[in-house]
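Thanks for coming; I will keep this short. Let me put the model up and then go through some of its contacts.

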Amino acid sequence: MVRKIIPIVGGIVALAAAYIWWRTEQSIQTSKQQIRNENQIQFTLKPWIAASSSGFEPISAAATFLDAANFSGKLYVASSNSLLEYTASPLALNRSFRAGLELPSAPITALAVGPALYGTGERLYVATNGEGILIFDGQSFVHLRPEQAPMRSITALASTGLSGLLLGTKEAGVFRFDGHGLSWLHPNLQKLKVTALAGDIADLWIGTRDKGVGHFLAGQLSFITEAEGLPDSQVLSLAIAQQAVYAGTPSGVGLFRGGKFDRVVAPGFFARSLAIHSGGLWIGTLEEGIINVPLNGRVQTIPFAVDVRRIVPVGPDWLAVTRSGIFIMAKSKPELLLKAPGAILADGNISALSFDSSGRLWAGYFDKGLDVIAADFQSATHVETDSVFCINRLLVEPNRQRITVATANGLVFLDSSLRIRQTLLRANGLIANHVTDVVPTETGLALATPSGITFLEPNGTRSLYAFHGLVSNHVYALSREADQLVVGTLGGLSILEKDTVKANLTSANSGLKHNWITAIAFVGKQHYIGSYGGGVVKLNATLQIETFPDMPKDLIINPNAMLVTAKAVYIGTLGRGLGVYNRKQERWRFVEFGLPSPNVTAFAINGDTLYIGTENGLVRVPEKNLEF
Amino acid sequence: MRPLLVIFFLLPVWADVGVLIPGDKQLPDPAVLSLEETSVDINADQNGVRVLIRQIFRNRTNANLEGNYVFSLPGTAIVSDFAVWDGPTRIAGVILERKRAEEIYKDIRLQSLDPGLLQMGERDSDQAQRSAIFSARVVPIPAYGTKRVEIEYHDRLAVETLASLLAIPLRPSAYKSVSTGRLWVTMELKSKHAIKNFELISKTYPLKVTEQTANLVKASLEVPNFTFSEDFGVKWTYDPAKTNQLEIATYRDALGNPAEPGFFRASMVLAPSTSADTAPRNVVALLDASLSMQWEKLELSYRALETLLRSLRPADKFNVIVFNSQVALFQPNLTAASTPEIEKALTWVKSSRLRGGTNLKAALEVGLNQNGPNGYLVLLTDGGATEGLSHPSTLVPWYEAAWNKLPVANRPRTFVLAVGDDASTNILKPMARLNGVFEWIRSTEAADFKLAAFLNKIGKKPTDGVSLTVDPKNNFDLIYPLQDAPYSGTMPAWVGQYKKPGRGNFSVLNAKASVTLPERSLDNPQLPRTWAKARVDALLEKIDREGEDKASIQEIIRLSRKYKFVTPYTSFLAAPRALLRPRLIRPGDPVLRIHTDPSIVSVVALFSFGVVKPLKFLSGENVWQTRFLAPTDLPDGTHPVRLLLRDREGRVYREQKTFVILSKPPLVRAKLDKATYHRGEPVQVKAFASESARTIVARLHGAEPVYLRWNGQTAASIGSVTIPPDLPPGRYKVSVTAEDMAHNISSQEVPLEILP
């Protein structure tokens, strides 16, 4: 039980804090010096200042638990968009640290507890996908941020005591933080796609995404792959005991003894997490609960939950971290210890937003259905069917008393009571089932699809594609103004007037920076064109392309992530957060602070409040807070 | 992360000379699986052609591999054998009733083996689209070992204007090249009708004729390190001096079974017409612009339309009808076939829009009202009628009645070009019997020969009175014509059964033949299968017309099994190897959709960039689905995705599929051989395009579009556009358009000046 969690004594005294601050500053200075040693990695290390006062307010999304750790007498649980702190006795949520506010704008990926590498006591290390790691002393965070982006995508942590903290990355191998600096362990470890780490610096086991298990022993690196008998070359988890190392894969667990591959344990099981307990091995699976492999016995399935992310020791107990709750591994069967906190949104990966006429917010999900959030934001209704799934666009049509939902599985009309009135597919005349965007026309709707455009009109559907002159079949975005329909495609822009292609603009025959158009909006007298890698440009009335002098290079605009208000144009970017164009000052500004992710995917406006969807949650902010 | 244009392929679209594609790749990779030897045996006679291809592939890696064997069949071909060698053991395919084949297939899959299942004729367009491609998974291919694959098919040989073309589809599509370490071709052409002008039309094959008489040609080649850059093709003509002679071929193998019937084939090469038809023609072209026509079918139909219109003479009149759920006329009435009017019509067609439904009846009604004397109604469609009358049992009789209501002089000849593997031939074929011509072009066929033959018949009339009379009548049964309307210069033929040996008398027009129907003769071994196929076609037509009946289905299954060819009621099971489409992955976008058999209870996708995604089961569609975002740094190309499928018993199956990222349209750079030309002169176009380019087309105002073909010597795609002789001098542009398999297009215009 949690009461038995061993409390870590570690009072924070002013003197220690001052010392830590001094060491932190020292480290920062060190990192700024010319790097003489080629094994050293440039980074910054500085206290993290929360953005709580920025006016951004998250709308709670269902937490997906990823990891847990016992630190300083408290239980810390990581979900992708927050770190939750629970008191041990009674077990209660004490604090939450949210991505974008109390933590940087990046999903959390892993936790580890280890000795402080400067100062005294222990630290909680919080890995993120995109922002390096946070070092938590129980009171405040210090942000360790490698300068190069690939090294900031941390997938695995392993504390090796005072030897340092090992960091495994998505694509940039393994490196070490020793309290003074970041350095490579070995040149051969620099490009590994790391999924798990176990062991120590002298005898390190590395789970990889594509090369099986790496064994770094006495400065030599070797790999054990499917060729040697490993059930799969994609390793998901590692567990290490005195005599044995286990490597969990999607197809079973590989057992190593004496550094050599021995045999496959529990073949066929998707071994997402592993834990070695006194009686044997627990395997946390994706869909089949926990598998117990006794030292001398038959494999036993303990079906109690799906998707067991981690099995972690907490004092004498073991906790199984699942998507929706944490279970304590009791003798007979796991017992629920705590459930993920209640939330309004069913998911955090937002792909579309829109307000209806009664003030309800419709939130569509990238690979789920949609939520309709009550006007008071106290509750939401989830809608998910075969067709209301993988949402691309939500179009409110008050005059027709309906919401039009563009999805990967067709075009769906819902009424205000959330009943599906009609679903249109290719069989009903659409040129493709997948509808990427929808805009109203004078008489109906225009739909963008990967196979061309369909016009939905009272007398039926009609479609056109490259055969009819469209610059490309793959249409991602539409914008209509009067008789003109601007069509954004993979291959450039097509401008239609009265449904006839009047012009095709590409990077070869116009000022377009990139052919792949992802978002379009009409602003004043011109269309703003967002693209995948070319930022935003303007298409004027004479079909000339104009550029913004302050638009960053190579900026990627997410599909349909563009919103126009009286004051500003908002764009959602991939990795650069929220772009804000001040229409009066004609200047751009980019904001990451306050966002749960720098990948901004959707917008909606209600009065003077802007709602911003990201791949990792939804936030709202008064529009005035974004003025500059 | 980024949303991407992603295309999934369960079956590669890349189809040509049999290729073995490594399981994790989209295209052949000789560094992994090389084609060591290819042997092609061709036996042709007036009954048709039998082609046997044997290939040996070598695994050049140190791992056991699996591969997808893909072979593109000619349109009318039927696979009669397929075998994979497992070491010294030849594992041959067998024909089974479809339901039984599927049961066995499932059983074998549960034993973790991969059986091969070839089916055809499904009504679902997604399936039928591939019915002309033979594809099977071949596992295992041992490390550094070889795998031998054999495929045999039969095909008919068409005769047009006394000429016959025999083409073996060995040319790689997609503008790639495939090489074989050694190539053997042996060919034997026998004909009871005298042949002449035997000619090799594919210049890269160094075929040597070893024996040649009026009724026999033998030829062969053996060449090392050969690159397949074009189809193998030969053509010949029939001696006009020896036409209108009736030839009879027979076969009977009745050992131990006196009730076993014999088979005959009667054929006659009709003399070419000596009079040119110069009367002005009234041509109404009906182009189907419904959604089912999207992509290749519409492009092929448009190409046919363009060729048709450009072939009209100034004295002719024409009109164009574009139809789907609505019917639109280019002009209210027939209009003169002038070049400007034709260009206008083509532009008008391009400005039309696709619509969901197909009201074929309404289109035909408008078309019939447009006609005048010497009229032609040219229907370009897949025949997928969805509105108005749509069933053959109602639509065909209605059309016949409407056609018959017209004054005799105004009854148009109904020319039907059916396009696509899923064409509703049961609707279209009977329509063409109204004094017209039916032609069907499927997805894997080189359309040129068929299109030319089809359009060439406009302005010509079939030879009257061409029917077969047999005597004694009661000794013959189940006689079927192998063509619809016999034209001068073609070779009408009939197949049938005779009950007892004896004397048989045959007559067609004024030609007569009296032959001995043998008690035993094995001279024409292909005859029984040719007859059986004709019989099955007739039964299928009856089922389409009148609905299914048990007796017909049982007979189809029996004939299919006995004579070894696949029908809609049977399957070809090449156990215990290979795989064909138990799961369907649909193209188009970053949505992964997997169709599994019902025993599967969970599907998880593992992407190469680290994302693990459990799929959601959509019960209404009976499909598993998720979607994903690929990282920004994932390059264009083919990438693997691994699927873990778990069944009710907890067994886990692993499958690797690939998806293609094509985020950029193909690049194309075109050159002409010079800058100025005279009218009537050919323009040599050379284009360099990205590897992803699937088709490259050159267009010039007023000229027929030309599809450029890969040429290994120039390392470019080349073709020749002929400048129309009547094109006014001036400055023009040749537009060269490249399209990839995701239908991304890009084009370049090259200026040229045309002098008088």
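In chain B, L300(B), A304(B), T307(B) and L308(B) of α3(B) meet A447(B), L451(B) and L455(B) of α8(B). Meeting here is contact, that is, C-beta atoms, placed from the backbone, within 7 Å. Helices are DSSP runs of H or I with at least four residues, strands are runs of E with at least two, and both are numbered from the N terminus. By class, this contact has six nonpolar residues, one polar and no charged. Nonpolar covers Ala, Val, Leu, Ile, Met, Phe, Trp, Tyr, Cys and Pro; charged is Asp, Glu, Lys and Arg; the others, Gly among them, are polar.

Before the geometry, the provenance. This is a predicted model, in which local features need pLDDT of at least 70 and side-chain atom pairs count only at pLDDT 80 or more, while totals for chains, interfaces and linings use all residues. Residues are numbered from 1 along each chain as its sequence is written, and chains are lettered from A and ligands numbered from 1 in the order in which they are written.

Helix α3 (residues 296-310) of chain B packs on helix α8 (residues 447-456) of chain B at about 45°, with the axes 11 Å apart. Axes are lines fitted to C-alpha atoms, for helices over the stretch in contact, and angles run from 0 to 180 degrees between N-to-C directions. The angle makes α3(B) oblique to α8(B); under 35 degrees counts as roughly parallel, over 145 as roughly antiparallel, 65 to 115 as roughly perpendicular, and the rest as oblique.

Next pair: helix α9 (residues 527-546) and helix α10 (residues 550-563), both of chain B, pack at about 155° with axes 10 Å apart. α9(B) and α10(B) are therefore roughly antiparallel. Their contact comprises eight nonpolar, two polar and four charged residues.

On to domains, with bounds from an automatic or database assignment. Chain A is divided into domain 1 (1-184), domain 2 (192-303) and domain 3 (393-602).

Finally, how many residues does each chain bring to the contact between chains A and B? Chain A brings 43 and chain B 39. Strand β43 (residues 460-464) gives the most on the chain A side, with five residues. That side has 17 nonpolar, 18 polar and eight charged residues.

Technical notes. Two residues are in contact if their C-beta atoms, placed from the backbone, lie within 7 Å.
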